[in-house]
Amino acid sequence: MNGSRPQAEVKSFYISKLMVWEAFQRVKANKGAPGTDGVTIERYEQNLSRNLFKLWNRMSSGSYFPPAVKAVEIPKAGGKGIRVLGVPTVDDRIAQTVAAMYLERRVEPVFHPDSYGYRPRRSALDAVEQCRQRCWRSDWVVDLDIRAFFDSVDHELMLKAVERHIDADGKWVLLYVKRWLVAPLAKADGSVQQRDRGTPQGSAITPPTQWATSASR
C-alpha cells in the first residue's frame, strides 16, 4: 500500500493508502463479528490487497456508500431495557476507522483532562484512579446520565460539530459521517429500519462523533 500523494490527485478526496492499511490493522486487532454480508476478518484477508484497494478507491472518489448495519439487541443490566449495538461489515469498519483516525488527531488536543471515554492511551482504570484520589478531598458525587442519548442524537447538530473540526482536506469525513448516520439497521427478524436521528452503539466512528460534540462545547 503506497501512501504517496500523486496517485490520489485524480480523486475527489485525498485519502492515503497507508491510512487505509493502518485502519485495517486496527480493525483486525479489535476482531469483532461479521456484519450483514457475513464476511469475517479471516475471509476478508484472503484477498486483502484487492479489498483494501477497492475500498480506498471508492472512498477517495466519493462513491463509498455504507451498507446496512447489523442490529444486535443486548439486554441492559438490571432489566432496564435493551441496548441496540450496530455491527458494520469489515469493509465499513475499516472505512469508519479511517475517518476516526482523521478526527482523533484534531479533537484530542481540545478535550478536558478529566475526559477518559474513548480516548487513546486512557482507560476506565485511569478514571477509577482519579476517583480514588479525589474521594479523599470531597465527600460528594454527581452522577448523571442522558436518557437514550444514542437513540436521539440530532444528525444536523452532530454534523455541525464534526464540521467544526475538519479543514478543506477533510470534507470527505463530513460526507461519510452523514452517510453513516443514516445507514439503515438490519434487524434479526429481517426487517430494515431507516433512521433520521440517533446512531447505533459499537461502531468505530461512534466515539469520534461523540468527541466532536463534546469538544464543541
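The model is predicted, so local features need pLDDT of at least 70 and side-chain atom pairs count only at pLDDT 80 or more, while totals for chains, interfaces and linings use all residues. Residues are numbered from 1 along each chain as its sequence is written, and side-chain values use heavy atoms, with hydrogens and water left out.

**Helix α4 and its partners**

Let's begin with helices, which are DSSP runs (H or I, at least four residues) numbered from the N terminus. Helix α4 covers residues 90-107 and helix α8 covers residues 171-182. Axes here are lines fitted to C-alpha atoms over the stretch in contact, and angles run from 0 to 180 degrees between N-to-C directions.

| Pair | Angle | Distance between axes |
|---|---|---|
| α4 and α8 | about 135 degrees | 10 Å |
| α3 and α4 | about 55 degrees | 11 Å |

Angles under 35 degrees count as roughly parallel, over 145 as roughly antiparallel, 65 to 115 as roughly perpendicular, and the rest as oblique. By that rule, α3 and α4 are oblique to each other too.

What is the handedness of the crossing of α4 and α8? It is left-handed, whereas α3 passes α4 in a right-handed crossing. A crossing is left-handed if the near helix is turned anticlockwise from the far one by less than a right angle, and right-handed if clockwise.

Now for the residues that touch, where contact means heavy atoms within 4.5 Å. From α3, the residues N51, L52, L55, R58 and M59 meet D91, I94, A95 and V98 of α4. This contact of α3 with α4 divides into six nonpolar, one polar and two charged residues. Here Ala, Val, Leu, Ile, Met, Phe, Trp, Tyr, Cys and Pro count as nonpolar, Asp, Glu, Lys and Arg as charged, and the others, Gly among them, as polar.

Towards α8, the α4 residues D92, A95, Q96, V98, A99, Y102 and L103 meet W172, V173 and W180. The residues of this contact of α4 with α8 are eight nonpolar, one polar and one charged.

**The nonpolar core**

A nonpolar core is a set of buried Ala, Val, Leu, Ile, Met, Phe, Trp, Tyr and Cys residues joined through side-chain atoms within 4.5 Å. Buried means under 20% relative accessible area, exposed over 50%, and partly exposed in between (1.4 Å probe, protein chains only).

The largest core has 38 residues, and Y44, M59, I94, W172 and V173 have the most contacts inside it. At least two residues each come from α1, α2, α3, α4, α7 and α8. Which helix gives the largest share? That is α4, with nine residues. Not counting residues up to four places away in sequence, M59 touches F13, I15, Y64, A95, V98, W172 and Y176.

G35 sits in the loop between α1 and α2. Is G35 buried or exposed? It is buried, with a relative accessible area of 5%. Leaving out residues up to four places away in sequence, G35 touches K70, V87, P88 and T89.

K31 lies in the loop between α1 and α2, yet K31 is exposed, at 61% relative accessible area. K31 has a positive phi of about 60 degrees although it is not a glycine. Most residues other than glycine have a negative phi.

Finally, E108 is found in the loop between α4 and α5, and at 19% relative accessibility E108 counts as buried.
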